[in-house]
Amino acid sequence: MTSSLLSRIKNLKDQVPQAPIVASGKLVRGIGLTLEAVGCQMPVGSQCLVQTVDGEIEAEVVGFAENITYLMPTEAVKGIVPGSRVQPLNREQGLAVGMELLGRVVDGNGQPLDGLGPIKAEKRVPLTRPPMNPLTRKPITQPLDVGVRAINSIITVGSGQRMGLFAGSGVGKSVLMGMMTRGTKADVVVVGLVGERGREVKEFIQDILGDEERQKAVVVAAPADTSPLMRLKGCETAVTIAEYFRDQGLNVLLLIDSLTRYAMAQREIALAVGEPPATKGYPPSVFARLPALVERAGNGNENQGSITAFYTVLTEGDDLQDPIADAARAILDGHIVLSRNLADSGHYPAIDIEASISRVMPMVVSEEHVQNARRVRQVYSNYQQNKDLINIGAYTKGTDPRIDLAINAEPAINAFLQQGMQQVLDFEQSVGAMTTLCGGLGAA
């Protein structure tokens, strides 16, 4: 009798799903960006609610030390007192994704910001996923038309490539992103506006993106006044949404503005929980997270689509040797550099073709295309190298035929490289214009 009862109890126990025991805790310290709690048994990355005198605020576990759990609030910290209760947040895990995201504006948690009601999710996916086996990725073989003549012709981008957009503040990064959004032939555009001015978010959506392009776009906004945790999640949410559409077999254009703000957000979090600083105050975890984020873009397997990604990199003081800029160049498939001198002279888009390169261009265009692009670069570079001599009248015409050609071709090349903000020039038009330009430059 007893053995039969014990056997039944054991069978019933085996049928009960086992869940980790999660205990509530209390705050013992709040300093800077972090809150410290004791008594919590929650894994890193889990969400919780912190009781305050004004209600509840949401926070995330970002680290621990012995019996102390470090929390990072997702909103402004106010109304907390010693001993405030920390309670685990029980809700569905992961990011809600689906085709209903098209045309919507969401925050770093995937919650709508546009006032158009809740988003019906087809499924939920984690913000991070295991790295893709590089041998299962499709090779980059096709060019991507971005509607910008200078990029289509001189710095051709392949479908599935990861490019950096390097520039200082106020040189035209956002405008160039808008031009690519309007001109791209991608099926879906995902834009991550992370750490930028809040005013620019609405301007980008209404003035730069436009109503028609917005229908195939998803905008993730985490402005500068949000917490570093939300800025960090903003980039990861944008990439996760892009991965969902790639898994549906679609070709996605991913625009992240900016990768530097992502690195700064991780720096704020890491320093707040005690990680030691390294290069220019950036802790080692920053340089570990950058490639982890960037490598998630690119081509999928044979049954999936592709993610062609542009990451803007803010070069402080136009210094291309900034630690984040230097790290980004090493992990990206090319970079486009915007020049402040060109922008100041009214040359838009202010693309410096001498400093810009696409590492996959030879694999996606013809040999004739590569030779023509190289010829334009050579003539343009000859003029730039001798520009000071020419401007002060120290160069005598006829001294060097190459410089004479550069002087004569300079107006045509400058006109070729410039383009109106609302103008869209497709790939065939761009290549045809470059071929015509090279016809007047002669052989190298």
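## Glutamine 429 and its helix

In this predicted model, glutamine 429 is found in helix α15, which spans residues 427–439. With a relative accessibility of 42%, glutamine 429 counts as partly exposed, because that class lies between the buried limit of under 20% and the exposed limit of over 50%. The C-alpha atom of glutamine 429 is separated by 37 Å from that of threonine 396, a residue 33 residues apart from it along the chain.

## The crossing of α12 and α14

Two packed helices are described by the angle between their axes and the distance between the axes. For helix α12 (residues 367–385) and helix α14 (residues 401–417), the axes come within 8 Å and cross at roughly 110 degrees, and the two helices are therefore roughly perpendicular to each other. The crossing of α12 and α14 is left-handed.

On the α12 side, the contact is made by Arg375, Val376, Val379, Tyr380, Asn382 and Tyr383, while α14 contributes residues including Arg402, Leu405, Ile407, Glu410, Ile413 and Leu417. Sorted by class, this contact of α12 with α14 has 10 nonpolar, two polar and three charged residues.

## The nonpolar cores

In soluble globular proteins, nonpolar side chains tend to be buried together. In this model, the largest nonpolar core has 64 residues, and those with the most contacts inside it are Ile151, Ile154, Leu176, Phe310, Ile336 and Ile351. When neighbours within four places in sequence are left aside, phenylalanine 310 is in contact with Val146, Val157, Met163, Met180, Leu253, Leu254, Leu255, Ile256 and Ile336. Another core, of 46 residues, lies apart from the largest one, and among its members are Val97, Val220, Ala242 and Tyr262.

Notes
Residues numbered from 1 in each chain as written. Predicted model: local features only at pLDDT ≥ 70, side-chain atom pairs only at ≥ 80, totals over all residues. Heavy atoms only, no water. Axes fitted to C-alpha atoms, helices over the stretch in contact; angles between N-to-C directions. Helix = DSSP H or I, 4+ residues; strand = E, 2+ residues; numbered from the N terminus. Parallel < 35°, antiparallel > 145°, perpendicular 65-115°, else oblique. Left-handed = near helix turned anticlockwise from the far one by under 90°. Contact = heavy atoms within 4.5 Å. Nonpolar A, V, L, I, M, F, W, Y, C, P; charged D, E, K, R; others polar. Core = buried A, V, L, I, M, F, W, Y, C linked by side-chain atoms within 4.5 Å. Buried < 20%, exposed > 50% of the residue type's maximum accessible area, 1.4 Å probe, protein only.
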